[in-house]
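My entries follow in the order I made them.

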Amino acid sequence: MAATRPHPRWSLPRGRILLRALRSDPTQEYLIYVPASAAPGAPVLVAVHGISRNVLEHTVVFSPLCEEQGAVLVAPVFTPDQHMDYQRLGRRHRGHRVDLLLHRFLAEAGSLSGADVAQIHLFGFSAGAQFAHRYLMAHPDRVARAAVAAAGWYTFPDHSRKYPYGIRPGRSLEGVNFNPERFLRVPVEVLIGHNDVGSSNVRRSERLDAQQGTNRVERARSWVAAMRDAATAYGLKPLVSLTEVPGIDHSFTSFCTRGELVDRVGRSLFGAPPARLEAFRAEAAVAESSV
């Protein structure tokens, strides 16, 4: 019997944030972080940036969480020129189909890192949260859990409304058929700053305001209620929850520094921190108090 190597596919340096061009299309880029703690079959966290394109900031703040969890981090780079409709997955004639592009990023990341890319742990902020919830509704079998923070507006589980307002299929996303009995089984936590009630970069229209509310807080509440009602109507346990964080407005940096965003996402996507991390934090707190 031939001997087997323990990690035949590892080819990326660990513990470093790397910017990679997709081998099959070098015009498409993503950031990847393979933690030193990763093992073959490691879970994958996908973090999707907002329209400020702060993809590096996402990668920097989430790489310690991935180190703790032994998870490989993949952060797509969506640009204004090539992915102008990425919040809505890239409809026809509006740039790349970013859901399919993410599948290509994941296939390459899995090949290079040995991670398990069959199901991802998905996070998005603002425009990235729009992408994240629509991706999980379109591809529920690819998402283990999701955390969506500060989305501007949502796709509702409503067959009477055409995508992206509802889930009535059209020609804009060829090959996608939204199935509530599948996407309602994905656990989702919606995170929203309690003070995120400004109008900057919030899409407004009479139809949208009437359906969802006039600001991000109202719209988060409306979508969560609609998803929970839909689950009940299908005889499923509601798995979508809402957390409103006091004192936080629409700022990724403030959400991280004052709203404990990374810890919240970690608990939502991976559960309680590993015991070794809790012990480390306890020791650090004791050491700090004794200084």
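For sorting lining residues, I count Ala, Val, Leu, Ile, Met, Phe, Trp, Tyr, Cys and Pro as nonpolar, Asp, Glu, Lys and Arg as charged, and the others, Gly among them, as polar. I also note that this is a predicted model.

Entry on the cavities. I found 2 cavities of 30 Å³ or more. The second largest cavity has a volume of about 40 Å³. I listed its lining as Tyr 163, Arg 168, Pro 169, Gly 170, Ser 172, Leu 173, Val 176 and Phe 178. By class, I get 5 nonpolar, 2 polar and 1 charged for the lining of the second largest cavity.

Entry on a peptide bond. Tyr 163 and Pro 164 are joined by a cis peptide bond, with omega at about 10 degrees. I place Pro 164 in the loop between β6 (143-149) and α4 (180-183). Most peptide bonds are trans.

Entry on the largest pocket. I read off about 400 Å³ of space for the largest pocket. There are 28 lining residues, and those closest to the pocket centre are Ile 51, Ser 126, Asn 201, Arg 216 and His 250. I sorted the lining into 6 nonpolar, 16 polar and 6 charged residues. At least two lining residues come from each of α1 (55-69), α3 (127-138) and α7 (252-258).

Entry on phi. Asn 201, not a glycine either, has a positive phi of about 60 degrees. Most residues other than glycine have a negative phi.

I then looked up where the two residues sit. Ser 126 belongs to the loop between β5 (120-125) and α3, and Asn 201 to the loop between β7 (188-193) and α5 (206-212). Are they buried or exposed? With buried meaning under 20% relative accessible area and exposed over 50%, Ser 126 at 11% is buried, and Asn 201 at 61% is exposed.

Entry on α3. I then checked burial. I count 12 of the 12 residues of α3 as buried, so the helix is largely enclosed by the rest of the structure. Among the buried residues I noted Gln 130, His 133 and Arg 134, along with Phe 131 and Leu 136.

Notes. Residues are numbered from 1 along each chain as its sequence is written. This is a predicted model: local features need pLDDT of at least 70, side-chain atom pairs count only at pLDDT 80 or more; totals for chains, interfaces and linings use all residues. Side-chain values use heavy atoms; hydrogens and water are left out. On a 1 Å grid over the protein atoms alone, a cavity is a set of points where a 1.4 Å probe fits but cannot get out, and a pocket is an open set with protein on both sides within 12 Å along at least five of seven lines; lining residues have an atom within 4 Å of a point. Grid points are joined across faces, edges and corners, and a volume is the space filled by probe spheres set on the points. Helices (H or I, at least four residues) and strands (E, at least two) are DSSP runs, numbered from the N terminus. Buried means under 20% relative accessible area, exposed over 50%, partly exposed in between (1.4 Å probe, protein chains only).
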